[in-house]
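This report covers selected residues, the salt bridges and the domain interface of one protein. Please keep the sequence and the structure open while reading.

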Amino acid sequence: MAATARILDFLRDRRPDGPCLVVDLEVIADNYRLFARSMPDTRIFYAVKANPAPEILSLLAGLGSCFDTASVPEIEMALNAGATPDRISFGNTIKKERDIARAHALGVSLFAVDSEEEVEKVARAAPGAKVFCRILTDGAGAEWPLSRKFGCEPAMAVGVLLRAHELGLNPYGISFHVGSQQTRLEAWDSALGEAKAIFDAMQKHGIVLQMVNLGGGFPTRYLRQVPGTGSYANAIHDALTKHFGNAIPETIIEPGRGMVGNAGVIKSEVVLVSKKHANDNIRWVYLDIGKFGGLAETMDEAIRYPIVTARDGDAKAPCIIAGPTCDSADVLYEKTPYDLPVTLSVGDEVLIEAAGAYTTTYASVAFNGFSPLQAYVI
Ligand SMILES: *Cc1c(COP(=O)(O)O)cnc(C)c1O
């Protein structure tokens with residue numbers, strides 16, 4: 001989505017120096033309400049890591065959101081924003097036992113696991129807590145796919161949850177994440193089929209699971225059109241009905257990118273436009289922000305941000321776009337060059353759109369002395 005009038009006004013009036021992200025809270029409020037309206041029976045746990053700005057967390061807490069967190073500091077941020085502990089999930093499957101104990105002491109009682117070893121930690125540090133087991137999905141169709149790092153094979157989940165029961169925990173449900181920026185609506189169908197099989201297997205052991213955590217994956221529109229939230233809601237509703245019939249469990253979603261991605265725009269500046277030899281037919285455009293300044297998701301050129309300039313009416317030609325640091329990996333788009341105006345010059349401002357998610361949190365502290373990405377939430 002293009003920069004909102006509020007963002008453009010802010011940039012015009014405040015003229016911040018250096019690269020910065022400007023986030024429009026009204027867009028996030030609209031996104032939240034659209035999720036809530038489209039999936040009225042599902043609780044929303046905002047994935048804090050996508051953008052943990054306190055203003056965003058407070059806004060969402062006020063709107064009734066719950067929070068998916070991955071560390072004690074993220075839990076504290078959600079609490080400071082006004083969320084009560086029953087609205088916070090510790091969704092990381094890799095936790096230090098003392099962090100589980102701290103979360104438990106803060107009142108958090110919902111934990112993700114994907115192995116018996118992790119279940120044992122939770123049982124010791126957070127006795128009686130609810131646990132859900134994350135299962136692997138293949139991530140096909142996701143533009144920012146997740147590796148095999150999180151989740152176990154569905155066949156193993158039954159053992160994990162039985163162990164939880166044995167150790168006095170509450171085996172509460174199943175979770176999965178279909179991959180971030182998932183544009184294949186059917187991705188939830190196969191995962192829900194696996195989840196149902198685990199529900200059935202647990203029932204044979206006399207344990208009734210109650211919850212399916214449908215994860216994140218809801219997209220932001222970058223260069224290509226993506227299905228709307230309503231289409232995701234319909235696809236998920238159909239898949240739930242297909243697999244669970246009239247015994248649909250409690251469900252939660254954990255949108256990160258889909259909640260904040262389209263709410264932010266990065267203002268950047270052209271530092272240099274050059275060529276590598278006299279007859280080079282491709283220009284190198286160096287910006288004052290790159291992979292280490294917040295655009296880490298350009299890794300493998302996975303996320304292609306819309307880039308807007310004041311010269312977009314002029315003829316365009318392909319460019320290689322790179323960041324300002326002295327690391328040769330700091331190149332944003334090279335394998336697939338990016339069309340930019342032939343008139344683009346040093347000092348021109350460029351707007352990198354749909355940059356509200358996974359930018360401020362990915363910026364390095366001061367690589368080459370460049371400050372972390374400045375953010376303004378309006
Ligand atoms: C990162 C993450 C999310 C958010 O994913 P998006 O694709 O940004 O919506 C949700 N759940 C978990 C467990 C995550 O780690």
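E116 is found in helix α6, which spans residues 116–125. The model is a predicted one. E116 counts as partly exposed, because its relative accessibility is 33%. Leaving aside neighbours within four places in sequence, E116 is in contact with G159, V160 and R163. K204 sits 88 residues from E116 along the chain, and the C-alpha atoms of the two are separated by 20 Å.

S89 lies in strand β4, residues 88–90. With 0% relative accessibility, S89 counts as buried. Not counting residues up to four places away in sequence, S89 touches F45, F67, D68, T69, L110 and F132.

N51 belongs to the loop between β2 (42–47) and α3 (54–63). The relative accessible area of N51 is 3%, so this residue is buried. A polar atom of the N51 side chain lies 3.0 Å from the backbone oxygen of G356. Residues that N51 touches, not counting those up to four places away in sequence, include L21, V23, Y46, V260, G356 and T360.

## Salt bridges

How many salt bridges does the structure hold? The count is 19. One of them joins E97 and R124, whose closest N and O atoms are 2.8 Å apart. This pair links distant parts of the chain, with E97 in helix α5 (residues 97–105) and R124 in helix α6, 27 residues apart. E97 is partly exposed at 29% relative accessibility, whereas R124 is exposed, with a relative accessible area of 55%.

The side chains of R257 and E297 also meet in a salt bridge, at 2.8 Å from N to O. R257 lies in helix α10 (residues 257–260) and E297 in the loop between β13 (283–287) and β14 (307–309), so the pair ties together parts that are 40 residues apart in sequence. R257 is buried, with a relative accessible area of 2%, and E297 is buried at 0% relative accessibility.

R311 forms a salt bridge with D348, with 2.6 Å between the closest N and O atoms. Here too the pair links distant parts of the chain: R311 is in the loop between β14 and β15 (316–322), and D348 is in the loop between β16 (331–341) and β17 (349–352), 37 residues apart. R311 counts as partly exposed at 30% relative accessibility, while D348 counts as buried at 14%.

## The domain interface

The protein is divided into domain 1 (91–255) and domain 2 (262–377). Their C-alpha centres lie 36 Å apart. Eight residues of domain 1 are in contact with 13 residues of domain 2. The area buried between the two domains is about 860 Å², and carbon and sulfur atoms give 68% of that area. W144, Y222 and L223 supply 73% of the area that domain 1 buries against domain 2, more than any other three residues.

What is the count of salt bridges between domain 1 and domain 2? The count is zero. On the side of domain 1 that touches domain 2, β7 (142–144) and β9 (180–182) each supply at least two residues. The residues of that side divide into three nonpolar, three polar and two charged.

Terms used. Residues numbered from 1 in each chain as written. Predicted model: local features only at pLDDT ≥ 70, side-chain atom pairs only at ≥ 80, totals over all residues. Heavy atoms only, no water. Domains from an automatic or database assignment. Contact = heavy atoms within 4.5 Å. Buried area = accessible area lost by both parts, 1.4 Å probe. Salt bridge = Lys/Arg side-chain N within 4 Å of Asp/Glu carboxyl O. Helix = DSSP H or I, 4+ residues; strand = E, 2+ residues; numbered from the N terminus. Nonpolar A, V, L, I, M, F, W, Y, C, P; charged D, E, K, R; others polar. Buried < 20%, exposed > 50% of the residue type's maximum accessible area, 1.4 Å probe, protein only. Polar contact = N/O pair within 3.5 Å; in protein donor to acceptor, adjacent residues only side chain to side chain.
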